[in-house]
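Please look through the sequence and the model slowly before reading on, and keep both in view while you follow the explanation.

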Amino acid sequence: EYGFNENIDFSAFKQKCSKGRPSTDHEITIDMAKEISMLQRTDRGKQARQYFLELERQWNTPEVVMARALKFSNDKILQLETQIKKDKPKVLFADAVETSESSILIGDLAKLLKQNGVNTGQKRLFQWLRDNGYLIKSGSSKNMPTQKSMDLQLFEVKERTINNPDGSIRVTRTTKVTGKGQVYFINRFVIKSA
């Protein structure tokens with residue numbers, strides 16, 4: 001009659017009586033018990049109200065509140081420390097790659113991305129880098145880094161001088177991905193696809 005709902009505010013269960021006949025008993029929530037005690041105008045109702053009020057006073061004392069907050073923060077710190085330990089090898093690898101003096105070819109970056117679950121190949125990666133403004137799209141500087149990507153230190157250009165058999169000299173330029181660029185693109189693709 002007070003509007004309580006079974007399996008939310010209370011649950012019924014059968015139990016055996018001493019006379020052998022099963023009887024139905026109920027398990028109620030603390031909120032339901034509080035509400036019932038507030039509605040009762042008897043000595044037992046008053047006793048229940050005072051019990052709940054005392055529990056709330058104890059629960060809300062500064063010492064108990066601080067103890068709960070301390071337990072919560074200690075649990076959170078433990079959780080974060082566990083995550084840091086778990087991520088440490090990845091962080092060390094990323095730091096090593098990012099500060100590495102050696103750079104890799106874009107085809108090698110495509111292989112790294114493939115190992116990290118990104119379905120791409122060298123040609124598709126070149127196209128994506130051009131389409132997204134990391135490499136120049138056309139002309140004599142096609143596939144060379146844009147100013148934006150050079151400012152971000154994602155690429156470097158390696159120049160090689162080749163002596164032709166006829167005595168002429170040819171200069172080739174190759175775009176390579178820096179350590180910082182490797183971390184940048186792996187994060188960009190892996191986070192995007194996650």
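The paragraphs below go through the strands, the helices, the core and a few single residues.

This is a predicted model, in which local features need a pLDDT of at least 70 and side-chain atom pairs count only at pLDDT 80 or more, while totals for chains, interfaces and linings use all residues. Residues are numbered from 1 along each chain as its sequence is written, and side-chain values use heavy atoms, with hydrogens and water left out.

We begin with the strands. Helices (H or I, at least four residues) and strands (E, at least two) are DSSP runs, numbered from the N terminus, and two strands are said to pair if DSSP finds at least two bridges between them.

As a general point, strands of a sheet pair through backbone hydrogen bonds, either parallel or antiparallel. The pairing of β3 with β5 (residues 169–177) extends over 2 bridges, and here I104 has V177 as its bridge partner in β5. The strands β4 and β5 are joined by 9 bridges, with T172 in β5 as the bridge partner of R160. The hairpin of β4 and β5 has 5 residues between the strands, and in it G167 takes a positive phi near 95°.

Now turn to helix α1, which covers residues 30–39 and in which M32, A33 and S37 are buried; buried means under 20% relative accessible area, exposed means over 50%, and partly exposed lies in between (1.4 Å probe, protein chains only). The three residues cover an arc of only 130° around the axis, which puts them on the same side of α1, where the arc is that of the directions from the helix axis to the C-beta atoms. The buried residues of α1 pack against β1 (10–16), β2 (22–28) and α2 (43–59), whereas the face turned away from the buried side carries the exposed residues D31 and M38.

What lies at the centre of the nonpolar packing? A nonpolar core is a set of buried Ala, Val, Leu, Ile, Met, Phe, Trp, Tyr and Cys residues joined through side-chain atoms within 4.5 Å. The largest such core has 18 residues, and those with the most contacts inside it are I106, L109, L125, L129, F155 and F185. At least two residues of this core come from each of α4 (106–115), α5 (122–131) and α7 (179–193).

Two of these helices can be followed as a pair. The axes of α4 and α5 are 9 Å apart and the helices pack at an angle of about 105°, which makes α4 roughly perpendicular to α5; axes are lines fitted to C-alpha atoms, for helices over the stretch in contact, and angles run from 0 to 180 degrees between N-to-C directions. Angles of 65 to 115 degrees count as roughly perpendicular. Residues I106, G107, L109, A110 and L113 of α4 meet Q122, L125, F126 and L129 of α5, where contact means heavy atoms within 4.5 Å.

Some single residues complete the picture. V177 lies in strand β5 and is buried, with a relative accessible area of 0%. Leaving aside neighbours within four places in sequence, V177 is in contact with residues including I104, I106, L109, F155 and F185. T146, in the loop between α5 and α6 (147–151), also counts as buried, at 16% relative accessibility. N143 is found in that loop and has a positive phi near 70°, although this residue is not glycine. N7, in the segment before β1, likewise has a positive phi near 70°, and N7 is exposed, with a relative accessible area of 66%.

Technical notes. Parallel < 35°, antiparallel > 145°, perpendicular 65-115°, else oblique.
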